[in-house]
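Here is a short report for a reader new to this structure. It covers a pocket, a metal site and some aromatic rings.

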Amino acid sequence: MTHSPQDALPKTMQAVVCHGPEDYRLEERDVPSAGPGEVVVKVHSAGICASDIACYVGTPGYWPAGKIPGYVQPPVVPGHEFVGKVVALGEGAAEKTGLALGDTAISEQIVPCWDCRFCRRGQYWMCANGDTYGFRKATQGAMATYMKFPANAINHRIPDSVPIDHAVYIEPLACAIHAVQRGEIELDDVVVIAGAGPIGMGMIAAAKLRGPRLLIVTDVNDARLALAKEAGADVVLNPSKIDVVDEVRKLSEGYGCDVFIEASGHPSAIEQGLEMIRNLGTLVVFGVFKQPVTVDWSIIGDRKELNIHGSHLGPHCYPIAIDMLAKGYLPMDRIVTHSLELKDFQHGIDLAKAGQSALKVALRP
Ligand SMILES: [Zn+2]
Ligand SMILES: [Zn+2]
């Protein structure tokens, strides 16, 4: 009788389980098993994302509110930013994924249906029936010792040239790269990135590769602005100290910036962006807002004829993110500021929520 690698795994594991807003518990759960086409990994680390915090505090959209249905299906293990080692492959999974036992691997945050209008057109990141890890029953997340990549998942092998402790940043970096692509930055452009959080840092590095004339970053936290400079920002501005609209106009011969990328989630950043962008400029909306933002829409059409581009997830960007990390384009040791044991998840959530000393908080199951 032969034994599959699955038999060598323990039967149960530790997992953080989300039962509802502000109700996350450390529990004993069954170790997932790899069915046909599925991959099980032992989680090396799991990042805490701003969206995990939004879910934790009960933001509408994640949870039902009025006419909006909730996306989250509790009880669910959170975590869509992760990296792990392959420990079990279901029937046909090795052929399908190209992964082998012992490989370092990640899986894109959304597991698409491959059957809806968007998936059929290759727009899998906007899948109408997609499940995102850490929020849905079918895609339990990474804040556990083991996790499963379902058969529909998009998986990537991580080469040894990427330090495994940096690989947890691949998901946020892929999102940052996609937002920068949506900005359509040209040589000689003046670009403003609002928000120097973990995603903002990735945007800086990605925007730099597009060859802007001047890359300006705004944030109210001076420590983050200092790191933004290390990541490649030419000029950093603190809107709590100076008039950033005025400053950006001065730095662009009075015209305003060509491209504005919003990554802070602050309503005031959208207002400032609309003011500081030049006529015919491109404004990218990546940030997630706690409440509706009110602005003068006439600026978009009548006054400036702007392109307003949304940006969601990091489609087709994982290979680019992996390459950027392999090349050491980012000060990763200062971006992943905390690495905590899984049992200290509550402390991790509190650190990420406060967002003062912490940039990217990772949990180590
Ligand atoms: Zn995320
Ligand atoms: Zn789909």
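In this predicted model, strand β8 gives the largest share of the lining of the second largest pocket, three residues. Strands β2 (23–30) and β8 (146–149) each supply at least two lining residues. The second largest pocket holds about 190 Å³ of space. Its lining has 14 residues, and those closest to the centre are Arg29, Asp30, Pro32, Gln140 and Lys148. By class, eight residues of the lining are nonpolar, three are polar and three are charged.

Next comes the metal site. Which atoms coordinate the zinc ion (ligand 2)? They are the SG atoms of Cys113, Cys116, Cys119 and Cys127, at 2.3 to 2.4 Å. The site is tetrahedral, with angles of 100 to 118° among the four donor atoms. Along the chain, the donors follow the spacing C-x2-C-x2-C-x7-C. Cys116 sits in the loop between β6 (110–111) and α3 (117–120), and Cys127 in the loop between α3 and β7 (131–132), so this pair ties together parts that are 11 residues apart in sequence. Cys116 counts as buried because its relative accessible area, 10%, is under 20%. Cys127 is buried too, at 11% relative accessibility.

Now the aromatic rings. The structure holds eight aromatic pairs. One of them joins Tyr24 and Tyr56 edge-to-face, with 5.0 Å centre to centre and 70° between the planes. Tyr24 belongs to strand β2 and Tyr56 to helix α1 (residues 50–56), so the pair ties together parts 32 residues apart in sequence. Tyr24 is buried at 10% relative accessibility. Tyr56 is buried as well, with a relative accessible area of 8%.

Phe82 and Phe149 make a tilted pair, because their ring centres are 5.8 Å apart and their planes stand at 35°, between the limits of 30 and 60 degrees. This pair links distant parts of the chain: Phe82 lies in strand β4 (residues 81–89) and Phe149 in strand β8, 67 residues apart. Phe82 is buried at 4% relative accessibility. Phe149 is buried at 0%.

| Pair | Centre to centre | Angle of planes | Type |
|---|---|---|---|
| Tyr24 and Tyr56 | 5.0 Å | 70° | edge-to-face |
| Phe82 and Phe149 | 5.8 Å | 35° | tilted |

Which residues do ring pairs link into a cluster? The cluster consists of Tyr62, Tyr71 and Phe135.

How values were computed:
Residues numbered from 1 in each chain as written. Chains lettered and ligands numbered in written order. Predicted model: local features only at pLDDT ≥ 70, side-chain atom pairs only at ≥ 80, totals over all residues. Heavy atoms only, no water. 1 Å grid on protein atoms, 1.4 Å probe; cavity = no way out; pocket = protein on both sides within 12 Å on 5 of 7 lines; lining within 4 Å. Points joined across faces, edges and corners; volume = space filled by probe spheres on them. Helix = DSSP H or I, 4+ residues; strand = E, 2+ residues; numbered from the N terminus. Nonpolar A, V, L, I, M, F, W, Y, C, P; charged D, E, K, R; others polar. Donors = N, O, S within 2.8 Å, 3.2 Å for Na, K, Ca; no water. Tetrahedral: all angles 85-135°; square planar, octahedral: opposite > 155°, others 65-115°. Buried < 20%, exposed > 50% of the residue type's maximum accessible area, 1.4 Å probe, protein only. Phe/Tyr/Trp six-rings, centres within 6.5 Å; stacked < 30°, edge-to-face > 60°.
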